Amino acid sequence: MTKYISLTINHFILSIGLLVMIVPIWIIFASSTHSSLFINTNGLQFFLGDNFIENYSRVLFKQSGFFNEITALKMFFNSFVMATGIAILSVVTSLMAAYGLVYFKVKYATVIFWLIFITLLVPLELRIMPSYIVMSKLNLVNTFAGLILPISASAIATFFFRQFYKSIPDELLEAAKLDGTNSLRFFIDFLIPLSKTMIAAVFIFMFVFGYNQYLWPLIMTTSEQYWTVVMGLKTMYGSISDRFAFVIMSMIPPVIIIIFLQKLFIQGIFQNK
Amino acid sequence: MSFLELQNITKIYPNGTKAVNETSLNIENGEFIVFVGPSGCGKSTLLRMIAGLEDITNGEISLDGNIINKIDPSERDVAMVFQNYALYPHMSVFNNMAYGLKNRGISKEEINNKVNDVAKLLEIDQLLTRKPSMLSGGQRQRVAMGRAIVRNPKIFLFDEPLSNLDAKLRNQMRLEIKRLQRQMGVTSIFVTHDQTEAMTLGDRIVVINNGVVEQVGTPKEIYSKPNTKFVAEFIGSPQMNLFNCKIENGIAHIADRKINLNNSTNIDDASLGIRPDDILISDNGQHTCVANLVEYLGSDMIIYSKIGDQEFSCKLSSKINLNAGDTFKFDISTTLVHLFDNTTGLRV
């Protein structure tokens, strides 16, 4: 009996939490399916309207920005390229950095590691001017490379991978050595498959981090062609329902990535058990 | 020239610890050698130096006529079974066994044949698609051995491979390892701290203590003629009784007892050793003692007693009726006695 009471209480609390999260999003979504005129006269809506396709297709394909040079679709493309680039490069660089630090007899490996770790104290906002100057000298302003490169090395990811590698028993490397593997093969055949779940986690983390960037793309781009979704949110002028539609769509890419990789994440956990 | 030769091998770790000291050893082709010794005696280090997983500070190892000091572990053609098996967790049993072959550029078909043959030999052919996490301890052990066997190496190295198994499985695997080694005739080195494993498996046993080889010999030699006091104490269960004594003209003085050794030795500080089962209990024995404690083991029993303040034990058939507190009479036969000089620790 007490079991059912506590279960009911648990579900009640969880339901409240869920509602607090979901309801505002639902209201935005429901409102985005009405015409602007309707919302302006009747306020926010809880039920769906019948302007869904009209509103969303207008927002996606309408030329916007100060000079009408970009559509929302292009912004999604830009954001996706930037976030994916940052996520992939962070995974690759931090995997390799951690491999070097843990498995090679590097002198002062710990010192080097802490030097990398200290960069956490210097976020992009702090080094934004020097970073911009470097990028502009390399002629990378208004390019994807310029958007991606300065934020594609992650100290925290290096830290995660390093700790994980340290937890792998030495015997594994020794057995592999006797089986005739070399350093590159060990990295590809062992460390990458073993850290699959970790890679998924870091990828999600860095994708969302990259997708949420605002200040850096704002500074790095003078051409509207390179606007990202987050920049678009700020500068999206239009009717209220158009803006709501854009907000809803801007959430979709990170959600897709999380849902897609979560599967892999859980799979990995079950495999290891 | 022997198949595997160790010449004056020394290992000093960077922190100054001397793990192995000036060890020399010759091992013939097809022999089953067991390194036995207490934890931290350097037996595993020695094995890892043969495998190439540990640098050699001094000395020379040669295998099949070639000096292998500087040769990479992957090119030494040795296979090792680790204490915790070290299976590749993300690979199926098949891939675990095939990985070493793939790295040698052997054709897919041949790999298939070899892995399947070895899997049948070890009775793990039903498990080839499973991941190591889905196997029991005994099965993992078999896969670890399969991975070594399939490579068909010059030497098998076993680093305490049975210590993670329960007692029953351990006995079973022990027999199996012995059988497989006989069948394949591959030179094998087995490291253990368990003297039963050492005695039952080895063609020859190498007893190691503090990085030094104390004695090399067949199980029988080691048991019946231990070269040093350490070997005498280490091999045999229950432990050999060692009495501190003074020997004058062939007569050992233990507390107030005198034991005639029928020779003319003189040692001030000696140890007189006798195995618990070599103490002969009889009604008209020369010596009388009180049994302080009797341990009943089924067919045998062990009696704990004292001469002066030195404890000793004797093992006898449990058919004899003897309880704690009873007195018993026994003889010590001079032919079964082992004498050691306490200053050198060597057999006299």
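Of the 348 residues of chain B, 38% count as buried. Here, buried means that 20 or more other C-beta atoms, placed from the backbone, lie within 10 Å of the residue's own; exposed means 12 or fewer, and partly exposed is in between. This is a predicted model: local features need pLDDT of at least 70, side-chain atom pairs count only at pLDDT 80 or more, and totals for chains, interfaces and linings use all residues. Residues are numbered from 1 along each chain as its sequence is written, while chains are lettered from A and ligands numbered from 1 in the order in which they are written.

How confident is the prediction? The mean pLDDT of chain B is 91, and 100% of its residues reach 70 or more. The term pLDDT is the predictor's confidence in each residue, from 0 to 100. The model scores ipTM 0.83 and pTM 0.81.

Now the overall layout. The C-alpha atoms of chain B fill a box of roughly 75 × 45 × 35 Å along the principal axes. Chain B holds eight helices and 21 strands. These are DSSP runs, numbered from the N terminus: helices are H or I with at least four residues, strands are E with at least two.

Chain B has two domains, domain 1 (4–233) and domain 2 (238–341). Their bounds come from an automatic or database domain assignment. Over C-alpha atoms, 39 Å separate the two centres. Four residues of domain 1 of chain B are in contact with seven residues of domain 2 of chain B. Contact means that the C-beta atoms of two residues, placed from the backbone, lie within 7 Å.

Next, look at a run of strands in chain B. Strand S17 (residues 293–296) and strand S18 (residues 300–307) run antiparallel, joined by four bridges. Strands pair if DSSP finds at least two bridges between them. Tyr296(B) stands opposite Met301(B) in S18(B). Three residues lie between S17(B) and S18(B) in their hairpin, and Gly298(B) in the turn has a positive phi of about 90 degrees.

S18(B) continues the pattern. Eight bridges join S18(B) to the antiparallel strand S19 (residues 310–317) of chain B. Ile307(B) has Gln310(B) in S19(B) as its bridge partner. This hairpin has two residues between the strands, and Gly308(B) takes a positive phi near 60 degrees.

Finally, turn to where the chains meet. The contact takes 19 residues from chain B and 16 residues from chain A. Strand S6 (78–81) and helix H2 (93–103) of chain B each give two or more residues to this side of chain B.
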